[in-house]
Amino acid sequence: MFKIRSMRGFLTSSIGVTCAAALTLPVAALNVPSAAAAPAERATTTTGRPAGTAALAGRTWSLPLVPRTRERVLGRAPEQGLYRDDLEHFSLVGVSWDNPGTELHGLVQVRTRSAATGHWSGWQDVETHNADHGADPDTAEADSGHVHGGTAPLWVGDSDGVDVRVRAELDDDPGPRGSTPTGGHDLLPAGLRLELVDPGEEAPPQGSPADVPRTGTEADAAAAVNTDLAPFGAAEIPALDRQDTEDELAELTGVPRAKPYIGPRPRIVTRRGWGADESLREKGFVYTGKVKAAFVHHTASGNGYKCSQAPSVIRSIYRYHVVSMGWRDIGYNFVVDKCGTIYEGRAGGVAKAVKGAHTLGFNNNSMGIAVIGSFGSHKPPAAVVTAIAKLTAWKLGLFGANPKGKTYLKSGGGNLYPKGKNVRLNVISGHRDGYATECPGAKLYAKLGSARTSSAHLQGR
């Protein structure tokens, strides 16, 4: 069992912020015939790789959509779309547009052709309201100039053909919960593009952590921030029993507690474990002061994946957040699959107060946990609720937070609370508690009470 040695002053060191350079992404032309006279499609390819692993060779294509109706005719709203049956393999889709401050009021649907069978799927709805995720207003990440508007990503599995249609919402149509009626809904955002993501081949870590060389890369930096919890380059951070977790807490804080309220540390798959290409994200890490609350999300990417595919899904979402949306890293601090496996999300150290881009207006002093799937009408597996309880019992315990308690967070601005307002929230909240949104889905949101109770029990409360 790997034991930490010394990390006194850990919690206060998390307050510091490492200023990151502007995000720069490799862009190359993709020489495939376009379906319309529009801006050239573009593709980005993975050139870096996690230390000690084989190249994953993931890729993102961004294809301009084609107008199908130019204006309202006989009551029909404008529509754009794209049909392609000549594509290389991809597994995740989404739609992006130029201005992150513009909402897409309308319907986005896709169908895809399976690369294995050649059969086309039925039409699937893509969640259009994704602006509730992302960096807080007036932050360096939000104001980087690289951020785009976009839908939620949708996992479609290994595919080689796509058909997408985007239809504007007529003025007299009711908007979905979380939308902001502004009039003129029969207009679509400028610069609509289809985003196709290939997560790359599965490439498990090679050799033992001790064999992983230190090369001074961003992969090294992402691994080094967890070396007080596991060996450098480890694919996972192992679970600890209660006594070892309490000993670890005393080491991390430098202040032994007579009765520490903390749950046993759960097993966490590291970024190296799920194959993060560290060359994609911005350099450095950004921290907030502490972790006072946890916001639970769903990825709204669908439930049609196997748990063995979860690393591929996470690599795809990571690519979508960074390459397609222009964020500095994946938005969530942690990701949980439907089998209850916990994964490290945004880089910076799983035990530290890493600032995410998960709950618009409330990314300070909080963490975001995203469950892979869509839980509006689908009940989350028991393993998901258990994983949320275990993770929050440990991580909130590091910062002295009671999972069944309340706390105050200052709003950074959103559609529920104005900027600067102190808001009283559950320590374990759903995304919809901080922003008017359906996230994390009605069925998952209904399970948060059970997660709070179990989490507090694991802390010994």
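Modeller: Gladly! Let's start with the open sheet: 7 strands form it in the order 12-13-16-15-17-14-20, with mixed pairing. Its edge strands are strand 12 (236-237) and strand 20 (428-430), each pairing on one side only. Before we go on, this is a predicted model, where local features need pLDDT of at least 70, side-chain atom pairs count only at pLDDT 80 or more, and totals for chains, interfaces and linings use all residues. Residues are numbered from 1 along each chain as its sequence is written, and side-chain values use heavy atoms, leaving out hydrogens and water.

Colleague: What makes strand 12 and strand 13 a pair?

Modeller: Two strands pair if DSSP finds at least two bridges between them. Strand 12 and strand 13 (residues 268-269) have 2 bridges, in the antiparallel sense. Strands themselves are DSSP runs of E, at least two residues, and helices are runs of H or I, at least four residues, both numbered from the N terminus.

Colleague: And how is strand 17 joined to strand 14 and to strand 15?

Modeller: Strand 14 and strand 17 run parallel and are joined by 6 bridges, with Ile369 as the bridge partner of Val296. Strand 15 also runs parallel to strand 17, with 3 bridges, and Val335 stands opposite Ala370 there.

Colleague: Why are helix 6 and helix 8 described as oblique?

Modeller: Angles under 35 degrees count as roughly parallel, over 145 as roughly antiparallel, 65 to 115 as roughly perpendicular, and the rest as oblique. Helix 6 and helix 8 pack at about 45°, with axes 8 Å apart, and are therefore oblique to each other. The axes are lines fitted to C-alpha atoms, for helices over the stretch in contact, and angles run from 0 to 180 degrees between N-to-C directions.

Colleague: Which residues meet where helix 6 packs on helix 8?

Modeller: Val385, Ile388, Ala389, Lys390, Thr392 and Ala393 in helix 6 meet Ser450, Ala451, Ser454, Ser455 and Leu458 in helix 8. Contact here means heavy atoms within 4.5 Å.

Colleague: How do you know that Ser455 is buried?

Modeller: Ser455, in helix 8 (residues 448-458), has a relative accessible area of 0%, so Ser455 counts as buried. Apart from residues up to four places away in sequence, Ser455 touches Ala389, Thr392, Ala393, Pro403 and Ile428. Its side chain also reaches the backbone oxygen of Ala389 at 3.4 Å.

Colleague: What makes the link between the side chains of Arg84 and Asp86 a polar contact?

Modeller: A polar contact is a pair of N or O atoms within 3.5 Å; within protein, one must be able to donate a hydrogen and the other to accept it, and residues adjacent in sequence count only if both atoms are side-chain atoms. The side chains of Arg84 and Asp86 make such a contact at 2.8 Å. Arg84 lies in strand 5 (residues 79-84) and has a relative accessible area of 5%, so Arg84 is buried too.

Technical notes:
Buried means under 20% relative accessible area, exposed over 50%, partly exposed in between (1.4 Å probe, protein chains only).
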